[in-house]
Number of protein chains: 2
Amino acid sequence: MRRCVEIAKKAIGCTSPNPMVGCVIVKDGVVVGEGFHPKAGQPHAEVFALRDAGDLAENATAYVSLEPCNHYGRTPPCTEALIRAKVKRVVVGMVDPNPIVASKVGVEEELCKKLNEAYIHRMLTGKPFVTLRYSLSVNGQLSHQLGEGAKVAGGYYSKLLQEYDGIIYSSTSITGKSVPTSQESQAKQPLHIIIATSPNSSVQLPHFSSDAASQVIVFAEKDVVTDPEMGIETVILEKLQLNAILDHCVQRGLCSVLIDLHGSFGDLKELLEDGVDNGLLQKVVMELLPFWDEGKETLTLKNLEKQVLKFEKSHPETSGESIVVFGYF
Amino acid sequence: MRRCVEIAKKAIGCTSPNPMVGCVIVKDGVVVGEGFHPKAGQPHAEVFALRDAGDLAENATAYVSLEPCNHYGRTPPCTEALIRAKVKRVVVGMVDPNPIVASKVGVEEELCKKLNEAYIHRMLTGKPFVTLRYSLSVNGQLSHQLGEGAKVAGGYYSKLLQEYDGIIYSSTSITGKSVPTSQESQAKQPLHIIIATSPNSSVQLPHFSSDAASQVIVFAEKDVVTDPEMGIETVILEKLQLNAILDHCVQRGLCSVLIDLHGSFGDLKELLEDGVDNGLLQKVVMELLPFWDEGKETLTLKNLEKQVLKFEKSHPETSGESIVVFGYF
């Protein structure tokens, strides 16, 4: 089952709105076929694994990280494919949270669930999975910096941008800076969701290429002016509330968004407090930077006092000289 | 050499002002003797290992985590004992920083150095090794709490109290609370160094038993009143400066002190800033608590801005639901 999760992760950032799934077919203790779901619209993991196994699938055991589908969607049901291939036994990592799929008990369920925490959350709540990212100095001051190596391929920040379908940040945090992009090879870049709380009507954005512009959306409370030639979509809301922004994300098929405090907190404070009040935050990713800092911004949010989090035990992980901590509300 | 460090650690908190040392004697690939230095005044690790090995020491290799002494102190030199036992070869983890001992190159030097970082620091600087401990909430607010399990046997806080020769804290932080004590079995308790900055002359201390009272010392700027029946030593300084307090610690034979912000920061802020200015802080131990907190105290110190730390890579470790991070200035 761990191997299923391992190969499922090859599609990290590519399968949304579908889950990541891996399938391993074992016969007489030997792996005879492997497959994973590469992206929405393409065949499921079981299909690739069965193709890989060929005739050897007969009387074999199929391990799947997510319960095989039993309904007709864009693809025929995988349960039928498994039966047709005469697989003797199917071991399931976790049951599908999708209400149109059935349910049994899982093997290595925690691991399989973590693999698709965003997909599961969206299925159960109808909202995207929301993670708040920020950096603190060792004495707890909010920092605008990212640690060395965070942005390069393999760095935790680059991997987050690969993993999340969308990234929310303040328009003030990118003025004159390069646009956050994942450096992982063949990473699908996230949708840039830029919050314009600027008091004047002109929002300065860095130059997005015409390709990239379709992956940018600006939310504002009044008619802001972005460079019209870039063709960037702008959505005007009566009030910049996280709920409304997330609804928009769901309509665009996003399962997960990262709220990135890289560069700005004050601008997004109200948005975050509204999000907290409505229980819209699921996770934090905190980078602990390897230096002491003077008192700058303090990261406090109304109504979050004494709110308990659960740290991920397999983490914290190190990133360059920093330590990265993952916690769940 | 790793085994040497492992057995040396059996004496954690007991050897000061001596270093912890482990010795393993190997003959034809087989361990024939092991020993460690249990406490000051008792024989060195090599002596115990040679006794353990008996005649088998002849032509064997001795591994020692610290260069064997070659001078006459309370014990005869270990180099002579090794020669007398006809040991063929001695492999040394690290050279002794003590100037009256000689010097060669080390094996697994980093590990052997970390084992005795306090001893080494005191030898090289004449000052105790100083570590600052504090707890932060996940949003970086200084907390007065310790995480669940920190104080019980095996908890990181209980282990720190075993490891350090002295613990410095503010008198205001213990009012009505129990006195910090290590719960490790047979732990030598640290000297309690209580800083009384209270504006009035009466300092409230919890009740120390007559046994424990000899392990307490109060530093104040004016003649404070503690319970005279307890017989607690009080030292009056013109100004409460870390340097003067550390000098006193050295006189009492302390190699290491833990400045514990458990309960108070404001009281010790000036003391710490003076310590920073004089380069007296070596290490931080930070507990990251698993909750978000409202804005309370912010941990900032003049002149420490952008001061770089090096996190210990083998750590961070988890403690209950918390994460504990170790960093060196």
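Two salt bridges are counted between chain B and chain A. One of the residue pairs that meet this way is B:E321 with A:K310, at 3.1 Å from N to O. The model is predicted. The contact takes 40 residues from chain B and 40 residues from chain A.

**Chain B against chain A**

- About 3,500 Å² is buried between chain B and chain A. Carbon and sulfur atoms give 62% of that area.
- On the chain B side, B:W292, B:K306 and B:F311 lose the most area to chain A. Together these three account for 24% of what that side buries.
- Polar contacts across the interface of chain B and chain A come to 10 residue pairs, both residues at pLDDT 80 or more.
- Four elements of chain B give two or more residues each to the side touching chain A: β5 (129-136), β12 (283-288), β13 (310-311) and β15 (322-328).
- By residue class, the side of chain B that touches chain A has 21 nonpolar, 11 polar and 8 charged residues.

**Domains of chain A**

- Domain 1 of chain A gives 6 residues to the contact, and domain 2 of chain A gives 9 residues.
- The area buried between domain 1 of chain A and domain 2 of chain A is about 640 Å², with 52% from carbon and sulfur atoms.
- The side of domain 1 of chain A that touches domain 2 of chain A consists of 3 nonpolar, 2 polar and 1 charged residues.
- There are 0 salt bridges between domain 1 of chain A and domain 2 of chain A. Polar contact is found for 2 residue pairs across this interface, both residues at pLDDT 80 or more.

**Salt bridges in the whole structure**

- Over all chains, the search finds 20 salt bridges.
- One of the pairs is A:E34 with A:R3, whose closest N and O atoms are 2.7 Å apart.
- A:E34 sits in strand β2 (residues 30-36) of chain A and A:R3 in helix α1 (residues 2-8) of chain A, so the pair ties together parts 31 residues apart in sequence.

**Backbone exceptions**

- Most residues other than glycine have a negative phi, and most peptide bonds are trans.
- In chain A, the peptide bond from A:S16 to A:P17 is cis, with omega near 5°. A:P17 lies in the loop between α1 and β1 (22-27) of chain A.
- In chain B, a cis peptide bond joins B:S16 and B:P17, with omega about 5°. B:P17 is placed in the loop between α1 (2-8) and β1 (22-27) of chain B.
- B:D28 is not a glycine, yet its phi is positive, at about 50°. B:D28 belongs to the loop between β1 and β2 (30-36) of chain B.

Terms used
Residues numbered from 1 in each chain as written. Chains lettered and ligands numbered in written order. Predicted model: local features only at pLDDT ≥ 70, side-chain atom pairs only at ≥ 80, totals over all residues. Heavy atoms only, no water. Contact = heavy atoms within 4.5 Å. Buried area = accessible area lost by both parts, 1.4 Å probe. Salt bridge = Lys/Arg side-chain N within 4 Å of Asp/Glu carboxyl O. Polar contact = N/O pair within 3.5 Å; in protein donor to acceptor, adjacent residues only side chain to side chain. Nonpolar A, V, L, I, M, F, W, Y, C, P; charged D, E, K, R; others polar.
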